[in-house]
Amino acid sequence: MVFSAASAVLFGVTPAVASRIYSMGGNAVTLTFYRNLMAVPVLLALLGLEGVSLRLTRREAGLLLLMGAGFRVTTTLMLYQSYLYIPTGMATTLHFLYPALTALLCRARFRERLGPWKLFALGLSGLGALCLLELGAGTDPRGVLLASSSALTYACYLIGLDKTALRDMHPHKAACYMGLLNAAAMLAVSLPTHQLRLALPPAALGLSFLLAVSTSFLAVSLLQWGIRLLGASSAALFSMLEPITSVAVGCLALAESVSRRSLLGCALILAGVALTALAGQRQAVEK
């Protein structure tokens, strides 16, 4: 629970730092490229100190390619593409359909028992996410489709970390290869679009490195540990702390205003996460 929640909080700080980098000439593709690439040397150094081999079996390589390029990279590209059609806040909220999709897919494919408490927690969190969603008359359906599809691919990514051989892979090793795949994908996307801006001010590069360490290294590794210990569906529920963190940091660091509806949404999400934690403790006691 702590690992999954900490991962969500680290991811939740990203928008505030990203907005600062954007003001210095960066963009989404550039930040994603640097965020993933800069984490690789740190992860390689840690793997060397820990004596973890970088060798992969054919099965592991195939799974990393599927989960990294097939699901995680696709998630990033669709989410960022949705920003062209709908506001980023709406896109992010639609993306957070993934905890519910993760639980439903685990139930349908692996016959996981959700239980009344988890179902109720999912309902509260989903209702909270809807409170954060602000649909307008001019909402472009293409953006809605892209953002919602990113939720589905990310749910598949989380389930893949839980239900395949990647579950037993060292988290730093998995994060290292995922970082390389994401950076390569962003480089490939930038070639025809010319969106990659390598020449950024030193301050922007420093903030990018900070994000690389906090997200592509720490947050990704913590999420994998959380999935290993909790399972994909429960870990996904704790990830709902990410939009709450984004709202809180936006208020404190960027002086953004928050509506009563948004506060209600945050409260409902927190209630859902708290119910999940209580249900997990109850199951642990019964065992």
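**Entry 1: what kind of model**

I noted at the outset that this is a predicted model. I kept that in mind for every distance below.

**Entry 2: salt bridges**

How many salt bridges does the structure hold? I found two. I then looked up which residues take part, and Asp 162, Lys 163 and Arg 167 turned out to be linked in a network of salt bridges. Arg 167 pairs with Asp 162, and their closest N and O atoms are 2.2 Å apart. Lys 163 also pairs with Asp 162, with 3.5 Å between the closest N and O atoms.

Next I checked how accessible each partner is. Asp 162 has 5% relative accessibility, so I put it down as buried, the cut-off being under 20%. Lys 163 comes out at 33%, which I logged as partly exposed. Arg 167 has 27% and is partly exposed too.

**Entry 3: Gln 224**

I moved to helix H10, where Gln 224 is found. Is Gln 224 buried or exposed? At 3% relative accessibility it counts as buried. I then listed what Gln 224 touches beyond four places in sequence: Leu 166, Arg 167, Met 169, His 170, Pro 171 and Ala 174. I was pleased to meet Arg 167 again, having already noted its salt bridge with Asp 162.

Which backbone oxygens lie by the polar side-chain atoms of Gln 224? I found the backbone oxygen of Leu 166 at 2.9 Å from a polar atom of that side chain. The backbone oxygen of Met 169 lies 3.2 Å from a polar side-chain atom of Gln 224. I also looked up a pair separated in sequence: Gln 224 and Tyr 22 are 202 residues apart, and their C-alpha atoms are 29 Å apart in space.

**Entry 4: Ile 227**

Staying in helix H10, I looked at Ile 227. Its relative accessible area is 1%, so I wrote it down as buried, which needs under 20%. Beyond its neighbours within four places in sequence, I found Ile 227 in contact with Leu 158, Leu 161, Asp 162, Arg 167, Ala 232 and Ala 235. Two of the salt-bridge residues, Asp 162 and Arg 167, are in that list. I also recorded that Ile 227 and Leu 237 are 10 residues apart in sequence and 11 Å apart in space, C-alpha to C-alpha.

**Entry 5: a nonpolar patch**

I then turned to the surface. Val 2, Phe 3, Trp 225 and Leu 229 form a nonpolar patch there, with about 420 Å² of accessible area together. I checked which elements give two or more residues to this patch, and they are helix H1 (2–22) and helix H10 (202–230). Phe 3 lies in helix H1. With a relative accessible area of 35%, Phe 3 is partly exposed.

**Entry 6: Thr 102**

I picked Thr 102 in helix H6, which covers residues 98–110. At 0% relative accessibility I logged Thr 102 as buried. Its side chain reaches the backbone oxygen of Tyr 98 at 2.7 Å. Setting aside neighbours within four places in sequence, I found Thr 102 in contact with Ala 155, Leu 158, Ile 159, Ala 232, Ser 233 and Ala 236. I spotted Leu 158 and Ala 232 among the contacts of Ile 227 as well.

**Entry 7: helix H8**

Pro 141 lies in helix H8, residues 141–163. I noted Pro 141 as exposed, with 59% relative accessible area. Pro 141 and Tyr 85 are 56 residues apart in sequence, yet I read 8.1 Å between their C-alpha atoms.

Ser 150 is also found in helix H8. Ser 150 has 0% relative accessibility and counts as buried. I found its side chain reaching the backbone oxygen of Ala 147 at 2.6 Å. Beyond four places in sequence, Ser 150 is in contact with Thr 75, Met 78, Leu 79 and His 95.

**Entry 8: helix H9**

Last, I checked a helix span. Helix H9 runs over residues 171–193, and at 1.5 Å a residue its 23 residues should span 33 Å. I read 33 Å between its end C-alpha atoms, which agrees. After H9 comes His 194, and I noted its positive phi, near 60°.

Notes. Residues numbered from 1 in each chain as written. Predicted model: local features only at pLDDT ≥ 70, side-chain atom pairs only at ≥ 80, totals over all residues. Heavy atoms only, no water. Patch = residues over 30% accessible without salt bridge, like charges linked within 9 Å, V, L, I, M, F, W, Y side chains within 5 Å. Areas by Shrake-Rupley, 256 points an atom, 1.4 Å probe, with all protein chains shown as cover. Salt bridge = Lys/Arg side-chain N within 4 Å of Asp/Glu carboxyl O. Helix = DSSP H or I, 4+ residues; strand = E, 2+ residues; numbered from the N terminus. Buried < 20%, exposed > 50% of the residue type's maximum accessible area, 1.4 Å probe, protein only. Expected span 1.5 Å × (residues − 1). Polar contact = N/O pair within 3.5 Å; in protein donor to acceptor, adjacent residues only side chain to side chain. Contact = heavy atoms within 4.5 Å.
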